[in-house]
Amino acid sequence: MMNLHTPSSPHFHANNSISQVMFTVIAALSPGIAVYIYFFGSGLLIQMLLGILTAITCETLILLARKKPVWPFISDGSAVLTAILLALSIPPSSPWWIIVLGTSFAIVFVKHLYGGLGYNIFNPAMAGYAMLIISFPKEITGWFNIQANSTSLSLSEYLGLIFTESKSSDTISQATPLDHFKTQIGLEQPASTIFTDTNLYSGLGAYGFEWIGLAFALGGVWLVYKKIMSWHIPLSLLISLVLISLVFYAWDNNNYASPLFHLFSGATLLGAFFIATDPVSACSTLRGKIIYGSCIGVLIFIIRNWGGYPDAIAFAVLIMNMCAPTIDYYTRPGAQTP
(Lines give C-alpha, C1' and ligand atoms only; values in the text may rest on other atoms or scores of the structure.)
Protein backbone atom coordinates (compact mmCIF):
# COMPACT_ATOMS: atom_id res chain seq x y z
CA MET A 1 0.00 0.00 0.00
CA MET A 2 1.33 3.41 -0.95
CA ASN A 3 1.82 5.78 1.96
CA LEU A 4 0.65 9.36 1.62
CA HIS A 5 2.90 11.84 3.37
CA THR A 6 1.47 15.26 4.21
CA PRO A 7 2.97 18.22 6.02
CA SER A 8 1.99 18.91 9.60
CA SER A 9 -1.24 20.67 10.50
CA PRO A 10 -2.99 23.04 10.22
CA HIS A 11 -4.35 22.27 6.76
CA PHE A 12 -6.63 24.72 5.00
CA HIS A 13 -7.63 25.68 1.48
CA ALA A 14 -6.82 29.28 0.65
CA ASN A 15 -8.47 30.89 -2.36
CA ASN A 16 -6.80 34.24 -1.67
CA SER A 17 -3.28 35.19 -0.71
CA ILE A 18 -2.66 37.66 2.12
CA SER A 19 -1.85 40.41 -0.37
CA GLN A 20 -5.05 39.75 -2.35
CA VAL A 21 -7.13 39.99 0.81
CA MET A 22 -5.39 43.14 2.03
CA PHE A 23 -5.72 45.00 -1.25
CA THR A 24 -9.34 43.87 -1.60
CA VAL A 25 -10.03 45.40 1.82
CA ILE A 26 -8.27 48.60 0.72
CA ALA A 27 -10.44 48.66 -2.42
CA ALA A 28 -13.54 48.27 -0.22
CA LEU A 29 -12.43 51.33 1.75
CA SER A 30 -12.38 53.42 -1.42
CA PRO A 31 -16.04 54.58 -1.38
CA GLY A 32 -15.69 55.80 2.20
CA ILE A 33 -12.38 57.50 1.43
CA ALA A 34 -13.94 59.27 -1.58
CA VAL A 35 -16.88 60.58 0.46
CA TYR A 36 -14.51 61.57 3.29
CA ILE A 37 -12.44 63.65 0.84
CA TYR A 38 -15.63 65.21 -0.56
CA PHE A 39 -16.58 66.55 2.88
CA PHE A 40 -13.17 67.21 4.44
CA GLY A 41 -10.92 67.87 1.47
CA SER A 42 -7.53 66.53 0.43
CA GLY A 43 -5.96 66.49 3.91
CA LEU A 44 -6.74 62.78 4.18
CA LEU A 45 -4.65 62.06 1.07
CA ILE A 46 -1.64 63.78 2.66
CA GLN A 47 -2.11 61.86 5.93
CA MET A 48 -2.47 58.56 4.04
CA LEU A 49 0.67 59.21 2.00
CA LEU A 50 2.69 60.11 5.10
CA GLY A 51 1.34 57.06 6.92
CA ILE A 52 2.07 54.66 4.06
CA LEU A 53 5.63 55.95 3.59
CA THR A 54 6.23 55.67 7.34
CA ALA A 55 4.76 52.16 7.52
CA ILE A 56 6.85 50.86 4.62
CA THR A 57 10.02 52.48 5.96
CA CYS A 58 9.54 51.13 9.49
CA GLU A 59 8.63 47.66 8.26
CA THR A 60 11.67 47.56 5.96
CA LEU A 61 14.07 48.61 8.71
CA ILE A 62 12.74 46.19 11.30
CA LEU A 63 12.69 43.30 8.80
CA LEU A 64 16.33 44.01 7.98
CA ALA A 65 17.12 44.12 11.69
CA ARG A 66 15.36 40.77 12.17
CA LYS A 67 17.18 39.36 9.10
CA LYS A 68 13.90 38.60 7.38
CA PRO A 69 13.19 38.90 3.64
CA VAL A 70 11.81 42.36 2.95
CA TRP A 71 9.76 42.20 -0.24
CA PRO A 72 7.35 39.35 0.68
CA PHE A 73 6.26 41.25 3.79
CA ILE A 74 6.29 44.73 2.29
CA SER A 75 4.19 43.63 -0.66
CA ASP A 76 1.47 41.87 1.38
CA GLY A 77 -0.37 45.17 1.96
CA SER A 78 -0.83 44.79 5.71
CA ALA A 79 1.36 47.78 6.61
CA VAL A 80 -0.39 49.92 3.99
CA LEU A 81 -3.80 48.99 5.39
CA THR A 82 -2.68 49.86 8.93
CA ALA A 83 -1.52 53.29 7.77
CA ILE A 84 -4.78 53.97 5.93
CA LEU A 85 -6.94 53.00 8.91
CA LEU A 86 -4.91 55.20 11.22
CA ALA A 87 -5.09 58.12 8.78
CA LEU A 88 -8.88 57.72 8.70
CA SER A 89 -8.99 57.89 12.50
CA ILE A 90 -7.26 61.24 13.00
CA PRO A 91 -8.28 64.74 11.87
CA PRO A 92 -7.05 65.46 8.32
CA SER A 93 -5.33 68.64 9.53
CA SER A 94 -3.26 66.89 12.21
CA PRO A 95 0.44 67.86 12.31
CA TRP A 96 2.65 65.64 10.15
CA TRP A 97 4.43 64.11 13.13
CA ILE A 98 1.16 62.73 14.52
CA ILE A 99 0.61 60.24 11.68
CA VAL A 100 4.35 59.45 11.54
CA LEU A 101 4.55 58.74 15.26
CA GLY A 102 1.30 56.77 15.39
CA THR A 103 2.18 54.63 12.37
CA SER A 104 5.69 53.96 13.65
CA PHE A 105 4.29 52.82 16.99
CA ALA A 106 1.73 50.59 15.29
CA ILE A 107 4.24 48.88 13.00
CA VAL A 108 7.24 48.58 15.30
CA PHE A 109 5.81 48.08 18.78
CA VAL A 110 2.37 46.57 18.15
CA LYS A 111 3.06 44.45 15.08
CA HIS A 112 6.72 43.45 14.88
CA LEU A 113 7.75 43.28 18.52
CA TYR A 114 5.06 40.62 18.90
CA GLY A 115 6.52 38.67 15.97
CA GLY A 116 5.00 40.30 12.89
CA LEU A 117 1.81 39.70 10.95
CA GLY A 118 -0.24 36.92 12.50
CA TYR A 119 1.31 37.23 15.96
CA ASN A 120 0.13 40.62 17.17
CA ILE A 121 -2.59 40.41 19.81
CA PHE A 122 -3.75 44.01 19.34
CA ASN A 123 -5.09 45.76 16.27
CA PRO A 124 -2.04 47.86 15.23
CA ALA A 125 -3.98 50.85 13.87
CA MET A 126 -6.17 51.12 16.97
CA ALA A 127 -3.23 50.72 19.32
CA GLY A 128 -1.47 53.52 17.45
CA TYR A 129 -4.56 55.71 17.71
CA ALA A 130 -4.97 54.97 21.42
CA MET A 131 -1.36 55.97 22.03
CA LEU A 132 -1.91 59.23 20.16
CA ILE A 133 -5.15 60.26 21.83
CA ILE A 134 -3.74 59.54 25.30
CA SER A 135 -0.45 61.34 24.62
CA PHE A 136 -1.56 64.18 22.32
CA PRO A 137 -5.31 64.77 22.82
CA LYS A 138 -5.23 68.38 21.61
CA GLU A 139 -3.69 67.56 18.25
CA ILE A 140 -6.19 64.85 17.29
CA THR A 141 -9.49 66.10 18.68
CA GLY A 142 -10.01 69.20 16.51
CA TRP A 143 -11.95 68.53 13.30
CA PHE A 144 -12.72 70.84 10.42
CA ASN A 145 -16.27 72.25 10.68
CA ILE A 146 -17.54 71.04 7.33
CA GLN A 147 -20.82 72.94 7.35
CA ALA A 148 -19.91 76.17 9.12
CA ASN A 149 -17.19 76.60 6.49
CA SER A 150 -18.85 76.61 3.09
CA THR A 151 -15.91 74.98 1.32
CA SER A 152 -13.29 72.51 2.46
CA LEU A 153 -9.67 73.54 2.68
CA SER A 154 -7.54 73.53 -0.44
CA LEU A 155 -4.50 71.31 -0.86
CA SER A 156 -2.13 74.21 -0.21
CA GLU A 157 -4.03 75.19 2.95
CA TYR A 158 -3.83 71.62 4.23
CA LEU A 159 -0.12 71.48 3.46
CA GLY A 160 0.35 74.61 5.54
CA LEU A 161 -1.63 73.22 8.46
CA ILE A 162 0.03 69.82 8.41
CA PHE A 163 3.64 70.87 7.92
CA THR A 164 3.77 74.31 9.56
CA GLU A 165 0.96 73.88 12.13
CA SER A 166 -0.51 77.25 11.23
CA LYS A 167 -2.34 78.95 14.09
CA SER A 168 -5.24 79.66 11.76
CA SER A 169 -6.35 76.07 12.32
CA ASP A 170 -7.94 77.21 15.58
CA THR A 171 -10.51 79.19 13.61
CA ILE A 172 -11.66 76.33 11.40
CA SER A 173 -11.66 73.34 13.77
CA GLN A 174 -13.85 72.25 16.64
CA ALA A 175 -14.75 69.20 18.69
CA THR A 176 -16.41 66.28 16.96
CA PRO A 177 -20.20 65.94 17.29
CA LEU A 178 -19.68 63.05 19.71
CA ASP A 179 -17.44 65.17 21.91
CA HIS A 180 -19.77 68.17 21.65
CA PHE A 181 -22.79 66.08 22.64
CA LYS A 182 -20.98 64.59 25.61
CA THR A 183 -19.78 68.00 26.79
CA GLN A 184 -23.24 69.55 26.53
CA ILE A 185 -24.87 66.66 28.38
CA GLY A 186 -22.29 67.20 31.13
CA LEU A 187 -23.46 70.82 31.29
CA GLU A 188 -27.03 69.48 31.80
CA GLN A 189 -28.27 70.57 28.38
CA PRO A 190 -31.20 68.44 27.12
CA ALA A 191 -30.45 66.34 24.07
CA SER A 192 -33.32 67.89 22.09
CA THR A 193 -31.63 71.29 22.42
CA ILE A 194 -28.19 69.98 21.49
CA PHE A 195 -29.41 68.47 18.23
CA THR A 196 -30.72 71.82 17.02
CA ASP A 197 -27.14 72.79 16.15
CA THR A 198 -27.36 72.16 12.41
CA ASN A 199 -23.65 72.87 11.99
CA LEU A 200 -22.95 69.53 13.67
CA TYR A 201 -26.01 67.30 13.48
CA SER A 202 -28.29 65.97 10.77
CA GLY A 203 -31.38 63.82 10.80
CA LEU A 204 -29.32 60.64 11.00
CA GLY A 205 -26.34 61.56 13.14
CA ALA A 206 -23.32 63.80 12.84
CA TYR A 207 -23.41 66.02 9.76
CA GLY A 208 -21.21 64.57 7.00
CA PHE A 209 -20.15 61.58 9.08
CA GLU A 210 -23.42 59.79 8.28
CA TRP A 211 -22.61 59.68 4.56
CA ILE A 212 -19.02 58.69 5.22
CA GLY A 213 -20.22 55.88 7.47
CA LEU A 214 -22.75 54.66 4.90
CA ALA A 215 -20.02 54.55 2.25
CA PHE A 216 -17.81 52.45 4.53
CA ALA A 217 -20.77 50.17 5.28
CA LEU A 218 -21.29 49.71 1.53
CA GLY A 219 -17.69 48.58 1.18
CA GLY A 220 -18.02 46.30 4.19
CA VAL A 221 -21.15 44.62 2.83
CA TRP A 222 -19.26 44.01 -0.42
CA LEU A 223 -16.49 42.26 1.55
CA VAL A 224 -19.09 40.06 3.24
CA TYR A 225 -20.58 39.26 -0.17
CA LYS A 226 -17.12 38.38 -1.51
CA LYS A 227 -16.58 36.21 1.61
CA ILE A 228 -13.47 38.15 2.55
CA MET A 229 -15.03 38.59 6.00
CA SER A 230 -17.98 36.98 7.78
CA TRP A 231 -21.06 38.90 8.88
CA HIS A 232 -20.89 37.78 12.50
CA ILE A 233 -18.72 40.53 14.02
CA PRO A 234 -20.12 43.62 12.23
CA LEU A 235 -23.75 42.57 12.59
CA SER A 236 -23.48 41.57 16.25
CA LEU A 237 -21.59 44.81 17.03
CA LEU A 238 -24.19 47.00 15.35
CA ILE A 239 -27.16 45.13 16.85
CA SER A 240 -25.78 45.29 20.38
CA LEU A 241 -25.00 49.00 20.03
CA VAL A 242 -28.50 49.71 18.71
CA LEU A 243 -30.20 47.67 21.43
CA ILE A 244 -28.35 49.16 24.40
CA SER A 245 -28.64 52.71 23.08
CA LEU A 246 -32.35 52.15 22.39
CA VAL A 247 -32.97 51.02 25.98
CA PHE A 248 -31.28 54.08 27.47
CA TYR A 249 -32.84 56.45 24.91
CA ALA A 250 -36.31 55.12 25.67
CA TRP A 251 -35.62 55.50 29.39
CA ASP A 252 -34.27 59.07 29.23
CA ASN A 253 -34.07 60.78 25.84
CA ASN A 254 -32.88 64.03 27.42
CA ASN A 255 -29.57 62.53 28.52
CA TYR A 256 -28.91 59.79 25.97
CA ALA A 257 -28.58 59.97 22.20
CA SER A 258 -30.69 57.90 19.84
CA PRO A 259 -29.46 54.66 18.24
CA LEU A 260 -29.25 56.45 14.90
CA PHE A 261 -26.85 59.00 16.35
CA HIS A 262 -24.59 56.25 17.68
CA LEU A 263 -24.65 54.41 14.35
CA PHE A 264 -24.03 57.41 12.10
CA SER A 265 -21.54 59.38 14.17
CA GLY A 266 -17.84 58.92 14.65
CA ALA A 267 -16.20 55.76 13.36
CA THR A 268 -18.97 53.27 14.19
CA LEU A 269 -19.50 51.82 10.70
CA LEU A 270 -15.81 51.99 9.79
CA GLY A 271 -15.03 50.20 13.04
CA ALA A 272 -17.71 47.55 12.62
CA PHE A 273 -16.62 46.45 9.14
CA PHE A 274 -12.91 47.26 8.90
CA ILE A 275 -11.43 47.44 12.41
CA ALA A 276 -13.24 44.99 14.67
CA THR A 277 -13.00 42.33 11.92
CA ASP A 278 -9.20 42.19 11.90
CA PRO A 279 -8.62 38.43 11.47
CA VAL A 280 -5.47 38.36 13.60
CA SER A 281 -6.65 40.12 16.76
CA ALA A 282 -10.36 39.19 16.66
CA CYS A 283 -12.05 35.91 17.58
CA SER A 284 -11.98 33.07 15.08
CA THR A 285 -14.87 30.79 16.13
CA LEU A 286 -18.39 31.65 14.94
CA ARG A 287 -19.89 31.86 18.42
CA GLY A 288 -16.82 33.71 19.58
CA LYS A 289 -17.22 36.31 16.82
CA ILE A 290 -20.79 37.00 17.89
CA ILE A 291 -19.77 37.39 21.54
CA TYR A 292 -16.76 39.48 20.55
CA GLY A 293 -18.76 41.83 18.32
CA SER A 294 -21.60 42.17 20.82
CA CYS A 295 -19.23 43.10 23.62
CA ILE A 296 -17.55 45.74 21.45
CA GLY A 297 -20.94 47.31 20.74
CA VAL A 298 -21.77 47.47 24.45
CA LEU A 299 -18.34 48.88 25.31
CA ILE A 300 -18.70 51.58 22.65
CA PHE A 301 -21.89 52.79 24.32
CA ILE A 302 -20.44 52.60 27.82
CA ILE A 303 -17.24 54.50 26.98
CA ARG A 304 -19.06 57.11 24.91
CA ASN A 305 -21.42 57.90 27.76
CA TRP A 306 -19.32 57.44 30.89
CA GLY A 307 -15.71 57.20 29.75
CA GLY A 308 -13.15 59.90 29.21
CA TYR A 309 -13.08 59.75 25.40
CA PRO A 310 -15.89 60.68 22.99
CA ASP A 311 -15.42 57.98 20.34
CA ALA A 312 -14.79 54.59 21.85
CA ILE A 313 -14.05 52.34 18.86
CA ALA A 314 -10.31 52.02 19.52
CA PHE A 315 -10.58 51.30 23.24
CA ALA A 316 -13.52 48.92 22.85
CA VAL A 317 -11.65 46.93 20.20
CA LEU A 318 -8.40 46.84 22.18
CA ILE A 319 -10.18 45.63 25.33
CA MET A 320 -11.83 42.81 23.38
CA ASN A 321 -8.53 41.98 21.64
CA MET A 322 -7.29 40.96 25.09
CA CYS A 323 -10.38 38.79 25.61
CA ALA A 324 -10.38 37.15 22.17
CA PRO A 325 -8.11 34.14 23.01
CA THR A 326 -10.20 33.25 26.06
CA ILE A 327 -13.47 33.62 24.13
CA ASP A 328 -12.10 31.36 21.39
CA TYR A 329 -11.00 28.82 23.98
CA TYR A 330 -14.48 28.45 25.46
CA THR A 331 -16.38 28.64 22.15
CA ARG A 332 -14.34 26.21 20.07
CA PRO A 333 -16.17 23.06 18.95
CA GLY A 334 -16.26 20.53 21.77
CA ALA A 335 -15.05 22.99 24.40
CA GLN A 336 -16.14 22.21 27.95
CA THR A 337 -16.26 24.67 30.81
CA PRO A 338 -14.17 23.37 33.72
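In this predicted model, alanine 276 touches Ile233, Leu237, Gly271, Ala282, Tyr292, Ile296 and Val317, if you skip its neighbours within four places in sequence. You'll find alanine 276 in the loop between helix H13 (268-275) and H14. Is alanine 276 buried or exposed? It's buried, because its relative accessible area is 0%, under the 20% cut-off. One of its contacts is Tyr292: the two C-alpha atoms are separated by 8.8 Å, though the residues sit 16 places apart along the chain.

Now for the helices. H11 (residues 232-251) and H14 (residues 286-306) have axes that come within 7 Å and cross at roughly 40°, which means H11 is oblique to H14. The crossing is right-handed. On the H11 side, the residues that meet H14 include Ile233, Leu237 and Phe248, and their partners in H14 include Tyr292, Ile296 and Trp306. The residues of this contact split into 13 nonpolar, seven polar and one charged.

| Cysteine 283 | Cysteine 323 | 8.5 Å |

Cysteine 283 counts as buried, because its relative accessibility is 4%, whereas cysteine 323 counts as partly exposed at 31%.

Terms used. Residues are numbered from 1 along each chain as its sequence is written. This is a predicted model: local features need pLDDT of at least 70, side-chain atom pairs count only at pLDDT 80 or more; totals for chains, interfaces and linings use all residues. Side-chain values use heavy atoms; hydrogens and water are left out. Axes are lines fitted to C-alpha atoms, for helices over the stretch in contact, and angles run from 0 to 180 degrees between N-to-C directions. Helices (H or I, at least four residues) and strands (E, at least two) are DSSP runs, numbered from the N terminus. Angles under 35 degrees count as roughly parallel, over 145 as roughly antiparallel, 65 to 115 as roughly perpendicular and the rest as oblique. A crossing is left-handed if the near helix is turned anticlockwise from the far one by less than a right angle, and right-handed if clockwise. Contact means heavy atoms within 4.5 Å. Ala, Val, Leu, Ile, Met, Phe, Trp, Tyr, Cys and Pro count as nonpolar, Asp, Glu, Lys and Arg as charged, and the others, Gly among them, as polar. Buried means under 20% relative accessible area, exposed over 50%, partly exposed in between (1.4 Å probe, protein chains only). A disulfide is a pair of cysteine sulfur atoms within 2.5 Å.
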